[in-house]
Amino acid sequence: MQISLQQILFIVFGAITLGAALLVVTRRNVFHAAVFLILSFFSVAGLYVLLEAPFLAAVQLFIYVGGIATLIILTIVRTRQTMHPHVPGTNRQWWAAALVAVALCAMLGWVVLDHDWGAAAGPVPKNSIALLGAALVNPEGFVLPLGITSVLLLVALIGAVTIARER
Amino acid sequence: MIMVPLTWYLIIGAVLFCVGLYGVLARRNGIAILMGIELMLNGVNVNLVAFWRYLEPEAATGQTFALFVYAVAVAETVVGLALIVALWRTHDTVVPEDTDLLKG
């Protein structure tokens, strides 16, 4: 069986993504979990590059690694020393949670493997990023969701400042 | 060039989603629960982009949906972390289980 470079890269990025994700949910130390979360985000960006979506890979790095992960780490540093070392990191229902997760995973895997997805479509158009930008501002396309999203971000910003403000 | 089958990406997305689900259900720390939600959203996004690439590369819909998922994820994280900081200020804890203010 011949394995192409693309498949090797996929296996590497996929293994890093899943391994880091497993460490995120099993590590008791939240700071370590956050660092593995960043690793997982990075390799998901690698998967996007393999999927020929470079814009989304850049967005993944900017928003997740640059924004969300930084915010999470800042919050961890801010709320340090609040979990006692002898308290377990998981609650009492962790085995039920693992059962639910494994069952859902088995069901999704069965659906994915059972369905015939057909042959892969042709190559990505050269101007796929321009098409994406045009679709976002096209009145027939996604201009209304785009506007609603900007309102949502503004509301989230004001709400976060109001909630977390020092009184 | 041998391409990676679509199924592989879907499996990665599904496993990432389930790992995140376990994190959300099992972790006690509120910040760790938020990290689980981020993993779930990442799994969904991998699925969306893989479907776009393999089924409809001519249409912009798949990537657009992934972008909206990003925007909603950011809003959700910001408000969630603000709630955790507010909880920490008033109750000196980041564990949602320990907040039993409304318990009868």
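Helix 2 and helix 3 of chain A run roughly antiparallel to each other, because the angle between them is about 175° and angles over 145 degrees count as roughly antiparallel. Their axes lie 9 Å apart. The model is predicted. Chain A also meets chain B, with 85 residues of chain A in contact with 72 residues of chain B.

**Helix 2 with helix 3 in chain A**

- Helix 2 of chain A brings residues that include A:Phe31, A:Leu37, A:Phe41, A:Phe42 and A:Tyr48 to this contact.
- From helix 3 of chain A come, among them, A:Leu56, A:Gln60, A:Tyr64, A:Ile72 and A:Ile76.
- By class, the contact between the two helices has 20 nonpolar residues, 1 polar residue and no charged residues.

**Area between the chains**

- Interface size is often stated as the accessible area lost when the parts come together.
- Between chain A and chain B about 7300 Å² is buried, and carbon and sulfur atoms give 77% of that area.
- A:Phe10, A:Leu51 and A:Trp117 supply 9% of the area that chain A buries against chain B, more than any other three residues.

**Polar and charged pairs across the interface**

- There is 1 salt bridge between chain A and chain B.
- The side chains of A:Glu52 and B:Arg53 meet in a salt bridge, at 3.1 Å from N to O.
- Across the interface, 8 residue pairs are in polar contact.

**The side of chain A that touches chain B**

- Helices 1, 2, 3, 4, 5 and 6 of chain A each supply at least two residues to this side.
- By class, this side has 60 nonpolar, 19 polar and 6 charged residues.

Conventions. Residues numbered from 1 in each chain as written. Chains lettered and ligands numbered in written order. Predicted model: local features only at pLDDT ≥ 70, side-chain atom pairs only at ≥ 80, totals over all residues. Heavy atoms only, no water. Contact = heavy atoms within 4.5 Å. Buried area = accessible area lost by both parts, 1.4 Å probe. Salt bridge = Lys/Arg side-chain N within 4 Å of Asp/Glu carboxyl O. Polar contact = N/O pair within 3.5 Å; in protein donor to acceptor, adjacent residues only side chain to side chain. Helix = DSSP H or I, 4+ residues; strand = E, 2+ residues; numbered from the N terminus. Nonpolar A, V, L, I, M, F, W, Y, C, P; charged D, E, K, R; others polar. Axes fitted to C-alpha atoms, helices over the stretch in contact; angles between N-to-C directions. Parallel < 35°, antiparallel > 145°, perpendicular 65-115°, else oblique.
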